[in-house]
Amino acid sequence: MTSDPTSLAADVAELPKAEFAFPGPLRDRLVAAVLDGSKTATTGLVAEYEREGEPLPAVGDRSVLVDSEDRPVAVLEVTGVRVVPLARVDTAHAVDEGEGYAGVAEWRAGHERFWGSAEMRAALGDADFAVDDATPVVLERFRVVADLRGAVWASAPLA
(Lines give C-alpha, C1' and ligand atoms only; values in the text may rest on other atoms or scores of the structure.)
Protein backbone atom coordinates (compact mmCIF):
# COMPACT_ATOMS: atom_id res chain seq x y z
CA MET A 1 0.00 0.00 0.00
CA THR A 2 1.18 3.45 -0.78
CA SER A 3 0.69 6.60 1.27
CA ASP A 4 -0.11 8.69 -1.82
CA PRO A 5 -3.92 9.29 -1.72
CA THR A 6 -4.40 8.84 -5.47
CA SER A 7 -2.39 5.62 -5.54
CA LEU A 8 -4.09 4.37 -2.38
CA ALA A 9 -7.52 4.87 -3.99
CA ALA A 10 -6.36 2.88 -7.02
CA ASP A 11 -4.90 0.14 -4.78
CA VAL A 12 -8.12 -0.14 -2.79
CA ALA A 13 -10.23 -0.32 -5.94
CA GLU A 14 -8.28 -3.44 -6.96
CA LEU A 15 -8.82 -5.28 -3.66
CA PRO A 16 -11.58 -7.79 -3.02
CA LYS A 17 -14.29 -6.73 -0.60
CA ALA A 18 -14.40 -7.97 2.99
CA GLU A 19 -17.95 -8.06 4.34
CA PHE A 20 -18.70 -9.18 7.86
CA ALA A 21 -22.27 -10.45 8.33
CA PHE A 22 -25.05 -8.82 6.32
CA PRO A 23 -25.59 -5.05 6.11
CA GLY A 24 -27.27 -3.76 9.27
CA PRO A 25 -26.68 -3.58 13.01
CA LEU A 26 -24.51 -6.71 13.27
CA ARG A 27 -22.19 -5.59 10.47
CA ASP A 28 -21.99 -2.14 12.04
CA ARG A 29 -20.92 -3.65 15.38
CA LEU A 30 -18.35 -5.91 13.74
CA VAL A 31 -16.85 -3.09 11.67
CA ALA A 32 -16.64 -0.89 14.77
CA ALA A 33 -14.86 -3.72 16.62
CA VAL A 34 -12.33 -4.06 13.79
CA LEU A 35 -11.71 -0.33 13.76
CA ASP A 36 -11.26 -0.08 17.54
CA GLY A 37 -8.85 -3.04 17.47
CA SER A 38 -10.95 -5.46 19.52
CA LYS A 39 -11.78 -7.71 16.55
CA THR A 40 -8.73 -9.38 15.04
CA ALA A 41 -10.31 -12.67 13.95
CA THR A 42 -13.34 -13.95 12.10
CA THR A 43 -14.89 -17.29 11.23
CA GLY A 44 -16.47 -18.36 7.98
CA LEU A 45 -18.01 -21.55 6.72
CA VAL A 46 -16.08 -23.54 4.15
CA ALA A 47 -19.52 -23.99 2.54
CA GLU A 48 -19.68 -20.20 1.92
CA TYR A 49 -16.41 -20.27 -0.02
CA GLU A 50 -17.52 -23.33 -1.99
CA ARG A 51 -20.88 -21.77 -2.83
CA GLU A 52 -19.21 -18.58 -4.08
CA GLY A 53 -16.44 -20.46 -5.90
CA GLU A 54 -13.85 -18.44 -3.98
CA PRO A 55 -10.50 -19.67 -2.71
CA LEU A 56 -9.94 -19.82 1.02
CA PRO A 57 -8.01 -16.85 2.42
CA ALA A 58 -4.24 -17.09 2.64
CA VAL A 59 -1.70 -15.31 4.80
CA GLY A 60 -0.83 -12.00 3.17
CA ASP A 61 -4.12 -11.60 1.31
CA ARG A 62 -5.52 -8.08 1.52
CA SER A 63 -9.10 -6.90 1.23
CA VAL A 64 -11.09 -3.75 1.77
CA LEU A 65 -13.54 -3.84 4.67
CA VAL A 66 -16.87 -2.21 3.88
CA ASP A 67 -19.56 -0.91 6.19
CA SER A 68 -23.32 -1.39 5.88
CA GLU A 69 -23.45 1.37 3.26
CA ASP A 70 -20.78 -0.46 1.20
CA ARG A 71 -18.26 2.30 1.93
CA PRO A 72 -14.61 1.27 2.30
CA VAL A 73 -13.45 1.78 5.90
CA ALA A 74 -10.18 -0.19 6.20
CA VAL A 75 -7.72 -2.41 4.41
CA LEU A 76 -7.24 -5.77 6.13
CA GLU A 77 -4.36 -8.20 5.77
CA VAL A 78 -4.71 -11.88 6.64
CA THR A 79 -2.16 -12.93 9.27
CA GLY A 80 -3.33 -16.50 9.90
CA VAL A 81 -5.72 -19.12 8.54
CA ARG A 82 -6.79 -22.49 9.90
CA VAL A 83 -9.56 -24.81 8.72
CA VAL A 84 -10.95 -26.90 11.56
CA PRO A 85 -14.15 -28.74 12.45
CA LEU A 86 -16.52 -26.46 14.37
CA ALA A 87 -15.93 -28.49 17.53
CA ARG A 88 -12.21 -27.51 17.46
CA VAL A 89 -12.66 -23.73 17.68
CA ASP A 90 -10.60 -22.58 20.66
CA THR A 91 -11.22 -19.93 23.31
CA ALA A 92 -8.49 -17.60 22.02
CA HIS A 93 -10.15 -17.44 18.61
CA ALA A 94 -13.62 -16.92 20.10
CA VAL A 95 -12.37 -14.04 22.26
CA ASP A 96 -10.34 -12.47 19.44
CA GLU A 97 -13.49 -12.15 17.35
CA GLY A 98 -14.13 -9.09 19.52
CA GLU A 99 -17.83 -9.67 20.03
CA GLY A 100 -17.62 -9.93 23.80
CA TYR A 101 -17.81 -13.71 24.04
CA ALA A 102 -16.42 -15.07 27.31
CA GLY A 103 -15.83 -18.52 25.89
CA VAL A 104 -16.38 -20.99 23.10
CA ALA A 105 -19.90 -22.10 24.15
CA GLU A 106 -21.21 -18.54 24.03
CA TRP A 107 -19.35 -17.88 20.77
CA ARG A 108 -20.77 -21.04 19.20
CA ALA A 109 -24.36 -20.25 20.24
CA GLY A 110 -24.10 -16.82 18.60
CA HIS A 111 -22.59 -18.21 15.43
CA GLU A 112 -25.13 -21.04 15.21
CA ARG A 113 -27.92 -18.43 15.39
CA PHE A 114 -26.31 -16.48 12.55
CA TRP A 115 -25.49 -19.51 10.38
CA GLY A 116 -28.98 -20.92 10.95
CA SER A 117 -30.75 -17.68 10.10
CA ALA A 118 -33.10 -17.48 7.14
CA GLU A 119 -30.80 -14.88 5.56
CA MET A 120 -27.74 -17.12 5.79
CA ARG A 121 -29.62 -20.19 4.59
CA ALA A 122 -30.82 -18.18 1.59
CA ALA A 123 -27.25 -17.00 0.88
CA LEU A 124 -26.09 -20.63 0.95
CA GLY A 125 -29.02 -21.77 -1.19
CA ASP A 126 -29.96 -24.38 1.42
CA ALA A 127 -33.16 -23.86 3.40
CA ASP A 128 -32.23 -26.73 5.74
CA PHE A 129 -28.59 -25.79 6.35
CA ALA A 130 -27.39 -26.52 9.88
CA VAL A 131 -23.99 -26.81 11.49
CA ASP A 132 -22.71 -29.61 13.71
CA ASP A 133 -19.42 -30.49 15.39
CA ALA A 134 -17.92 -31.71 12.10
CA THR A 135 -18.82 -28.62 10.01
CA PRO A 136 -15.57 -27.24 8.55
CA VAL A 137 -14.95 -23.59 9.42
CA VAL A 138 -12.26 -21.13 8.38
CA LEU A 139 -10.57 -19.40 11.31
CA GLU A 140 -9.03 -16.24 9.98
CA ARG A 141 -6.82 -13.72 11.75
CA PHE A 142 -6.18 -10.28 10.31
CA ARG A 143 -4.76 -6.86 10.99
CA VAL A 144 -5.76 -3.40 9.81
CA VAL A 145 -3.09 -2.03 7.48
CA ALA A 146 -4.93 1.16 6.47
CA ASP A 147 -7.79 3.09 8.05
CA LEU A 148 -9.76 4.59 5.17
CA ARG A 149 -12.35 6.55 7.12
CA GLY A 150 -10.62 9.90 6.58
CA ALA A 151 -10.11 9.45 2.85
CA VAL A 152 -12.34 11.77 0.85
CA TRP A 153 -12.66 9.25 -2.00
CA ALA A 154 -13.75 6.54 0.48
CA SER A 155 -17.08 8.20 1.28
CA ALA A 156 -18.78 6.61 -1.74
CA PRO A 157 -19.84 2.97 -1.99
CA LEU A 158 -17.58 0.59 -3.88
CA ALA A 159 -18.73 -0.32 -7.35
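Biologist: What makes helix H5 stand out in the lining of the largest pocket?

Modeller: Helix H5 (residues 104-115) gives the most to that lining, with five residues. This is a predicted model, where local features need pLDDT of at least 70, side-chain atom pairs count only at pLDDT 80 or more, and totals for chains, interfaces and linings use all residues. Residues are numbered from 1 along each chain as its sequence is written, and side-chain values use heavy atoms, with hydrogens and water left out.

Biologist: What makes something a pocket, or a lining residue?

Modeller: On a 1 Å grid over the protein atoms alone, a pocket is an open set of points with protein on both sides within 12 Å along at least five of seven lines, and a lining residue has an atom within 4 Å of a point. Here, 41 residues line the largest pocket, and Ala18, Glu19, Phe20, Glu48 and Tyr49 lie nearest its centre.

Biologist: How much space lies in the largest pocket, then?

Modeller: About 1,200 Å³. That volume is the space filled by probe spheres set on the grid points, which are joined across faces, edges and corners.

Biologist: How do you know what counts as a helix or a strand?

Modeller: They're DSSP runs, numbered from the N terminus: helices are H or I with at least four residues, strands are E with at least two. On that basis the chain comes to six helices and five strands, in the pattern α-β-α-β-α-β-β-α-α-α-β along the sequence.

Biologist: Why are S1 and S2 called edge strands?

Modeller: Two strands pair if DSSP finds at least two bridges between them. The open sheet of five strands has the order S1-S3-S4-S5-S2, with mixed pairing. Strand S1 (17-18) and strand S2 (41-45) each have a single partner strand, so one side of each is left without a neighbour in the sheet.

Biologist: What makes S2 and S5 a pair?

Modeller: Five bridges join S2 to strand S5 (residues 136-147), and the two run antiparallel. One example: Gly44 has Val138 in S5 as its bridge partner.

Terms used: On a 1 Å grid over the protein atoms alone, a cavity is a set of points where a 1.4 Å probe fits but cannot get out, and a pocket is an open set with protein on both sides within 12 Å along at least five of seven lines; lining residues have an atom within 4 Å of a point.
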